[in-house]
Amino acid sequence: MAWTKEQEEAIYNRGKNIIVSAGAGSGKTAVLSERILQYCLQGNDIRKVLVLTFTNAAAGEMRERIRKKLMENQLYEQAELIDASYICLLYTSP
């Protein structure tokens with residue numbers, strides 16, 4: 001996939017937390033899943049990642065996309081740990 005300059009910065013810059021905010025269909029999930037893949041390829045543990053979403057469906061989609069990328073890159077142990085990671089709904093009170 002061809003990434004924009006901003007997407008590449010979100011994927012490859014390290015040493016700080018990031019917020020990815022954009023409209024529907026803009027590639028947020030692709031960028032975040034690629035960022036997490038790159039993090040794991042560097043030998044880091046998926047259980048040290050925090051991804052907050054606004055719906056349970058979005059958290060499930062994120063988890064599955066990351067699992068697929070990990071499997072495609074032969075990071076099987078990390079793929080098995082994805083359900084123990086912190087990819088979850090951001091709770092907001094009514």
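Biologist: Which residues in α2 are buried?
Modeller: In this predicted model, Ala30, Val31, Leu32, Ser33, Glu34, Arg35, Ile36, Leu37, Gln38 and Cys40 of α2 are buried. Buried means under 20% relative accessible area, exposed means over 50%, and partly exposed is in between, with a 1.4 Å probe and protein chains only. Helices are DSSP runs of H or I with at least four residues, strands are runs of E with at least two, and both are numbered from the N terminus.

Biologist: What do the buried ones pack against?
Modeller: They pack against α1 (5-12), β1 (50-53), α3 and α4 (76-81). Contact here means heavy atoms within 4.5 Å.

Biologist: Before I go on, what are the ground rules for the model?
Modeller: The model is predicted, so local features need pLDDT of at least 70 and side-chain atom pairs count only at pLDDT 80 or more, while totals for chains, interfaces and linings use all residues. Residues are numbered from 1 along each chain as its sequence is written, and side-chain values use heavy atoms, with hydrogens and water left out.

Biologist: Fine. How do α2 and α3 cross?
Modeller: The axes of α2 (residues 28-41) and α3 (residues 56-72) come within 9 Å and cross at roughly 45°. Axes are lines fitted to C-alpha atoms, for helices over the stretch in contact, and angles run from 0 to 180 degrees between N-to-C directions. The two helices are therefore oblique to each other. Angles under 35 degrees count as roughly parallel, over 145 as roughly antiparallel, 65 to 115 as roughly perpendicular and the rest as oblique.

Biologist: Left-handed or right-handed?
Modeller: α2 passes α3 in a right-handed crossing. Right-handed means that the near helix is turned clockwise from the far one by less than a right angle, and left-handed means anticlockwise.

Biologist: Which residues of α2 and α3 meet there?
Modeller: From α2 there are Thr29, Ala30, Leu32, Ser33, Glu34, Ile36, Leu37 and Cys40, and they meet Glu61, Met62, Arg65, Ile66, Lys69 and Leu70 of α3. By class, the contact of α2 with α3 has 8 nonpolar, 2 polar and 4 charged residues. Ala, Val, Leu, Ile, Met, Phe, Trp, Tyr, Cys and Pro count as nonpolar, Asp, Glu, Lys and Arg as charged, and the others, Gly among them, as polar.

Biologist: And α1 against α2, at what angle?
Modeller: α1 and α2 pack at about 40°, with axes 8 Å apart. Their crossing is right-handed. Gln7, Ala10, Ile11 and Tyr12 of α1 make the contact with Val31, Glu34, Arg35 and Gln38 of α2. That contact divides into 4 nonpolar, 2 polar and 2 charged residues.

Biologist: What comes just after α2?
Modeller: Glycine 43, which has a positive phi of about 95°.

Biologist: Which residue other than glycine has a positive phi?
Modeller: Glutamine 74 has one, near 60°. Most residues other than glycine have a negative phi. Glutamine 74 sits in the loop between α3 and α4, and at 57% relative accessibility it counts as exposed.

Biologist: What about asparagine 73, where is that?
Modeller: Asparagine 73 is also in the loop between α3 and α4. Its relative accessible area is 34%, so asparagine 73 is partly exposed. Leaving aside neighbours within four places in sequence, asparagine 73 is in contact with Leu37 and Leu41.

Biologist: Last one: where is cysteine 88, and what does it touch?
Modeller: Cysteine 88 is in strand β2 (residues 86-89). Not counting residues up to four places away in sequence, cysteine 88 touches Val51, Leu52, Thr53, Ala59 and Arg63. Cysteine 88 is partly exposed, with a relative accessible area of 30%.
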